[in-house]
Amino acid sequence: QVDGSVTRKGEGTGIGLSLVREYILLMGGEISVKSKVGVETEFTILLPITNEAPLEKKNTISSSKPIIQENEVVVSAPAITQNAIIQDNGKSTLLLIEDNPDVVTYVESCLQSTYNILVGNNGQEGIEIALEYIPDIIVSDVMMPIKDGFEVSQTLKSHQLTSHIPIILLTAKADMDSRLTGIDRGAEAYLTKPFSKEELLLRLKKLIESRKVLQAYYLSLSGQASVEPKPEEGSPAENEFVLKLNEVVNAQLSNTDFSVEQFAKEIGMSSSQFHRKVSAVTSLSPNKYIRHIRLSKAQSLLRSSDIPINSIAYDTGFNDPGYFSRVFKKKYGVTPVEYRSGVKV
């Protein structure tokens, strides 16, 4: 490519030359190039003649699956666009930011059974979709028009709405400088084209699993979790976000009318964005998160004070002591009276 920038508008990603080099190396050969920009380019290929081919045919081609294999028929269901509403079907939502239609088609065919898929056709469009829908994970090409994958990663990792989202960068550029740039801009993983379906699926699975571990940690910041807090596992941005959530809820602890809409307004997000952000970071909806903190505070008061149980219910935002007793038992397995009397949770 004469224009070697990562934001060039022309087609071509460099996969062809990368494949040529792989095949030549597999056959024990060498490839070199001499080039004068605007004049000519000369490639030299050296292949050894060994006369030692086996009698039986053996497949010596790499098992890595190209982006689109020859004669492969890909049937792709329509992707969810930025104008669609993501249904609560139990699937994680993946945003694919890619300007090559063939790559989009292939990735959709690999992932559509496991993920709800949103598609951005360039870096700027991808950023806008990510800020609006807050997906669970992002797969982005590096070389795209308007904004490249490095800019996408840096922008989203520095924004409060999207800083928690894992990002995988796809590129034909396999050099170490590109990899280091991607990591420096906040990307969690880096896949080189051509990539295999299996590797992409495994990378996504592991990143989703790591998010669940982090959710347990972030939930522990509110004072209640099943695991020992590990500060090194959390990011400063998410730690700050969760502490802000706790600050707002604690300030409204006895306010029985405190709503999710008010909560979102205090944080500075729309209700839909707030719901997706809180759910992604803590695994709880905003409503359940409010109740989580209230019950944690009630548990602490039951353990450390002689305040009447009815008063504790009112002080922690429950206007019905009977309802407070039921939700407390549902969460901890014992009633407030049993908990205070020393019954183990």
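Predicted model: local features only at pLDDT ≥ 70, side-chain atom pairs only at ≥ 80, totals over all residues.
Let me begin with a term: a residue is called partly exposed when its relative accessible area lies between the 20% under which it would be buried and the 50% over which it would be exposed. Glu209 has a relative accessible area of 33%, and therefore counts as partly exposed.

I start with the protein as a whole. The protein has 345 residues, and 40% of them are buried. Its secondary structure comprises 13 helices and 7 strands. Of the contacts with a separation of 6 or more, 59% are between residues 24 or more positions apart. The accessible surface comes to about 19,200 Å², with carbon and sulfur atoms supplying 51% of it.

I turn now to the salt bridges. There are 4 by the rule applied here, and I shall describe several of them. Which residue does Lys206 meet in a salt bridge? Its partner is Glu209, with an N to O distance of 3.6 Å. Because Glu209 and Lys206 are 3 residues apart in helix H6, about one helical turn separates them. Lys206, at a relative accessible area of 48%, is partly exposed, as is Glu209 at 33%.

Helix H6, which spans residues 197–220, also holds Arg203 and Glu199; these are 4 residues apart, so about one helical turn lies between them. Arg203 and Glu199 form a salt bridge in which the closest N and O atoms are 3.8 Å apart. Arg203 has a relative accessible area of 34% and is partly exposed. Glu199 is partly exposed as well, at 33% relative accessibility.

The next salt bridge joins Glu238 and Lys277, whose closest N and O atoms are 2.9 Å apart. This pair links distant parts of the chain: Glu238 belongs to helix H7, residues 236–251, while Lys277 belongs to helix H9, residues 271–282, and the two are 39 residues apart. Are these two partners buried or exposed? Glu238 has a relative accessible area of 1%, so it is buried. Lys277, with a relative accessible area of 0%, is therefore buried too.

A pair of aromatic rings is described by two quantities, the distance of the centres and the angle of the planes. How many aromatic pairs are there by the rule used? The count is 9. In one of these pairs, the ring centres of Tyr217 and Tyr218 lie 5.4 Å apart with their planes at 55 degrees, which means that the pair is tilted. Both Tyr217 and Tyr218 are buried.

Phe328 and Tyr332 also form a tilted aromatic pair, at 4.7 Å centre to centre and with 50 degrees between the planes. Both residues lie in helix H12, residues 321–332, where they are 4 residues apart, about one turn of the helix. Phe328 is at 0% relative accessibility and so counts as buried; Tyr332, at 7%, is likewise buried. Phe328 and Tyr332 belong to one aromatic cluster together with Phe318, Tyr323, Phe324 and Tyr339.

Helix H1 covers residues 15–26 and strand E2 covers residues 40–46, and each supplies at least two residues of the patch. At 44% relative accessibility, Ile45 counts as partly exposed.

Ser92 is partly exposed, at 22% relative accessibility. What does Ser92 contact, leaving aside its neighbours within four places in sequence? Its contacts are Thr114, Tyr115, Asn116, Asp136 and Ile208. Of these, Asp136 is 44 residues from Ser92 in sequence, yet their C-alpha atoms are 5.9 Å apart in space.

Key: Residues numbered from 1 in each chain as written. Heavy atoms only, no water. Buried < 20%, exposed > 50% of the residue type's maximum accessible area, 1.4 Å probe, protein only. Phe/Tyr/Trp six-rings, centres within 6.5 Å; stacked < 30°, edge-to-face > 60°. Contact = heavy atoms within 4.5 Å. Areas by Shrake-Rupley, 256 points an atom, 1.4 Å probe, with all protein chains shown as cover. Salt bridge = Lys/Arg side-chain N within 4 Å of Asp/Glu carboxyl O.
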